[in-house]
Amino acid sequence: MLIKSINPANNQIINEYEEMNSSTINNILENSVLTYNHWRKEAINSRSQKMHKLADLLIAKSQEFGTIITLEMGKPITQSIAEVEKCAFLCRYYADNAEKFLESEYVKTDFSKSFISYQPLGVVLAIMPWNFPFWQVLRFSVPAIMAGNCVILKHASNVTDCALAIESLFEEAGFPKNTLSTVILSGTKVDSLIADKRIEAVTFTGSTPAGRAVAISSAKNIKKSVLELGGSDPAIVLEDADLALATSACSSARLSNAGQSCIAPKRFIVHHSVYDEFTNLVVEQFKNAKIGDPMDSDTDIGPLAKRKFVDDIHNQVRESIKKGAKLLTGGDISELGENFYMPTVIGDVKPNSPAWDEELFGPVASIIPAKDEEEAIKIANDTSFGLGASIFTQDIEKGERIAEQELQAGSCFVNDFVRSDPRLPFGGIKESGYGRELGLYGLRELVNIKTIVVR
């Protein structure tokens, strides 16, 4: 079976790869285990030096890697370069902090000595998505590798060039061969990898249905799994919000990566007293966004990664309009090509419609009026997802209270849009998954939290 890398801006084939056979994959697994047995004993300062080198390479090659990202999945080149640069920050953070995060913790008991030790698990399988093809991989793999694990990467089939570039990057930075290894494999064959006794844990980022399948397979094989799944993040805009700030943050976050971001705000829930003004400003910003060639540095929105994604988002918009939403701008495929979807705003979104209930993975904003703060919170939580949420208000004390105590999500931001940060744990609740990446907690997700007692 051929796995193709296709440029979504023009549908031209970039590269074709043969799916790996069982013998090749077996060799990769064997070599990963051998590498792990040495890497787990590597001094932490040596691991840190290599990780700093990897960060240096990411900065030096940001244009090169950014181009690979843009060609394979269509993200505007400026956003692709920014993604690579963010990965460098991630590497430096763990290079500087992993030793502290992995230090044993001593606990006073009746024994002469008792402490908690953080030890690597082994070879971890990472099943990663296409929408942030460098960041999603490094977000997981950098802390996992700094903890002493090795990684098998099964990347999305449409970003195989990115996967191989990341593998080469680790080797160039001085990490042992097979510290991170790519398998070129269709998603239908992932179950056999999860079941392999040489895989100790699984991490997955992607859609909720696919994550559910990974969770079932992991559970059947009694393996630790971490899932970062879909989201339909709310952004609540209260009557006292700074509308210039709120509309700018909501619009820029929603249109980033052509709307193909699980953590972007998708449902704008707006107090009725400022609904019209907020809506008019968002519509204006969506109309002014430049859609075009993703290799052009002036482009705001490139193509969606595949034609199927265009069809999916278009059908969701049309169905939401049928159920009472109003089309305010966009709502159709761009004349630029079949993979380009116009920046779209729909207002007065109603319950039991796709824009209310489902994840819209494209450049579409759904605006929902709320009569008061209580109703806004109720609407925000009326979802099966729980990845992120944001609230806009000039009453910081109120905003912080709502974020901490009322909103059902793994990350809540006040007066800004949600984003991941290497210094803070990231992940969701409900159907947005479980476990955490990043920060102290992200590093400790994929270690053996080991109790040691000396009589």
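This is a predicted model: local features need pLDDT of at least 70, side-chain atom pairs count only at pLDDT 80 or more; totals for chains, interfaces and linings use all residues.
**Close-up 1. Asp 421 and its salt-bridge partner.** At 18% relative accessibility, Asp 421 falls in the buried class, where buried means under 20% relative accessible area, exposed means over 50%, and partly exposed is in between (1.4 Å probe, protein chains only). Its side chain meets that of Arg 423 in a salt bridge, 2.7 Å from N to O. For a salt bridge, a side-chain nitrogen of Lys or Arg has to be within 4 Å of a carboxyl oxygen of Asp or Glu. Arg 423 itself is partly exposed, with a relative accessible area of 48%.

Residues are numbered from 1 along each chain as its sequence is written, and side-chain values use heavy atoms, with hydrogens and water left out.

**Close-up 2. Two salt bridges with buried partners.** Here Lys 75 pairs with Glu 83 in a salt bridge, and their closest N and O atoms are 2.4 Å apart. Lys 75 and Glu 83 are both buried. Glu 359 and Lys 266 form another salt bridge, with 3.6 Å between the closest N and O atoms. Glu 359 sits in the loop between helix 12 (354-357) and strand 14 (364-370), and Lys 266 in strand 11 (residues 265-271), so this pair ties together parts that are 93 residues apart in sequence. Glu 359 and Lys 266 are buried too. Helices (H or I, at least four residues) and strands (E, at least two) are DSSP runs, numbered from the N terminus.

**Close-up 3. Strand 8 and its neighbours.** In strand 8 (residues 199-205), 6 of the 7 residues are buried, so the strand is largely enclosed by the rest of the structure. Strand 5 (residues 123-127) runs parallel to strand 8, joined by 5 bridges; pairing takes at least two DSSP bridges between strands. Ala 126 has Thr 203 of strand 8 as its bridge partner. Strand 9 (residues 224-228) also pairs with strand 8 in the parallel sense, over 5 bridges, and there Val 202 has Ser 225 of strand 9 as its bridge partner.

**Close-up 4. Glu 397 in helix 14.** Glu 397 lies in helix 14 (residues 396-406). With a relative accessible area of 69%, Glu 397 is exposed.
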